[in-house]
Amino acid sequence: MEKAIVVGATGGTGASVVEELVKRGIQTVAFGRSRQKLEDLRARLGYAEHLTIAVGDAFRPDDIVTAAGGADVMFHCANVPYNEMVTKLIPLGESLMEAADRLSIKIVVIDGIYPYGRRQMVRATEEHPKQPHTKKGKTRLAYEKMLFDIRYNRAKVMIVRLPDYYGPTANEASYLGSTLAAIAAGKMAFFIGNMRVPREFVYLPDAAFMIAELARRDDAYGQNWHIPGAGLISGNEIVQIAQRASGSAKSVIPLGRVGLSLLGMAVPVMKEIVEMLYLTEEPLVLSGDKYERLIGPVRATSFEDGITVTVHELQKKNESLSIPSN
């Protein structure tokens with residue numbers, strides 16, 4: 001991997017992948033819709049000489065092809081809002097696959113665990129049955145089939161699956177990201193799901209490291225890969241760590257079906273989470289056995305360290321935003 005383009009570079013996973021690639025000295029193009037967000041990312045990474053930015057629309061293959069400029073790997077980190085997933089996810093994927101096919105390059109697609117449906121293994125391997133029972137799960141399964149469609153025979157694709165994630169770059173697309181952001185800001189926070197049930201979360205810098213390791217392996221393409229977290233942790237434990245790190249003890253309110261439905265009357269995306277709450281009640285835990293066997297050790301920062309760093313980084317960001325410019 002000599003040059004990469006990261007589509008959706010300013011999102012949670014995209015920003016972490018860009019940072020990891022820059023650390024490795026790889027020529028990287030950060031592609032996104034917002035020039036301001038791309039400039040902010042470049043500034044945060046110290047204006048690295050081997051990082052360039054490209055403004056464009058991920059739904060337009062021509063924009064991606066123009067920006068790629070000799071890249072040999074594309075990272076698909078772009079996403080769509082929850083309430084637009086059914087109508088926009090596959091067209092988005094088709095745009096990137098068309099671009100990758102025209103460029104004849106490799107494409108690493110970052111996805112989640114929705115296609116599996118309800119848990120059928122204690123630790124889900126990549127062979128876990130795909131039997132989605134939700135509209136989002138069924139859409140994600142159709143999306144996977146599209147990615148491996150033979151019409152894109154000049155592109156080499158892999159799917160990398162993450163559990164819910166957190167980290168300094170995580171945003172509202174992450175269940176936990178918005179919770180930690182509120183705690184870091186000293187505000188009342190919401191926690192989606194039962195706070196007593198231990199669940200799996202992955203720290204984004206760890207995920208980005210493992211994604212980059214997979215991307216550089218020619219034999220990793222044409223497959224699904226799991227990126228596991230550092231184990232299981234309950235919402236109550238997460239909040240305790242985050243509040244210690246922030247110095248704040250404002251209330252954290254768990255949101256179940258009723259709370260999300262009520263909030264959804266004003267914020268449609270919240271109502272869309274309801275059908276996925278089964279994952280917070282019967283968590284599906286990813287196995288990293290395949291990664292460890294074929295790639296190397298799983299990188300797993302402890303929750304204590306990962307959450308503490310995340311909260312401190314979010315506080316620094318808040319402080320910088322509150323300082324008036326001259």
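Which element gives the most to the lining of the largest cavity? Strand E9 does, with three residues; more on that in point 4.

1. First, the ground rules. We are looking at a predicted model, where local features need pLDDT of at least 70, side-chain atom pairs count only at pLDDT 80 or more, and totals for chains, interfaces and linings use all residues. Residues are numbered from 1 along each chain as its sequence is written, and side-chain values use heavy atoms, with hydrogens and water left out.

2. The seven-stranded sheet is open, with parallel pairing, and reads E3-E2-E1-E4-E5-E6-E10. (Strands are DSSP runs of E, at least two residues, and helices are runs of H or I, at least four residues, numbered from the N terminus; two strands pair if DSSP finds at least two bridges between them.) At the edges sit E3 (51-55) and E10 (224-226), each pairing on one side only. From one strand to the next, the twist averages 20 degrees. E6 (residues 156-161) runs parallel to E10, joined by three bridges; in one of the pairs, Val160 has Trp225 of E10 as its bridge partner. Helix H1 (residues 12-23) packs on this sheet, touching E1 (3-7), E2 (27-32), E3, E4 (73-76) and E5 (106-111). Contact here means heavy atoms within 4.5 Å. The direction of H1 makes about 165 degrees with that of E1 (axes are lines fitted to C-alpha atoms, for helices over the stretch in contact, with angles from 0 to 180 degrees between N-to-C directions).

3. The other sheet to look at is open too, with three strands in the order E7-E9-E11 and mixed pairing. E7 (164-166) and E11 (232-233) stand at its edges with a single partner strand each, so one side of each has no neighbour in the sheet. E9 (residues 199-203) pairs with E11 in the antiparallel sense over two bridges, and Glu200 stands opposite Leu232. Helix H6 (residues 175-184) lies across E7 and E9, at about 30 degrees to E7.

4. Now the cavity. (A cavity is a set of points on a 1 Å grid over the protein atoms alone where a 1.4 Å probe fits but cannot get out; lining residues have an atom within 4 Å of a point.) Its lining includes Tyr166, Phe201, Val202, Tyr203, Asp206 and Arg299, and divides into eight nonpolar, two polar and two charged residues.

Note on methods
1 Å grid on protein atoms, 1.4 Å probe; cavity = no way out; pocket = protein on both sides within 12 Å on 5 of 7 lines; lining within 4 Å. Nonpolar A, V, L, I, M, F, W, Y, C, P; charged D, E, K, R; others polar.
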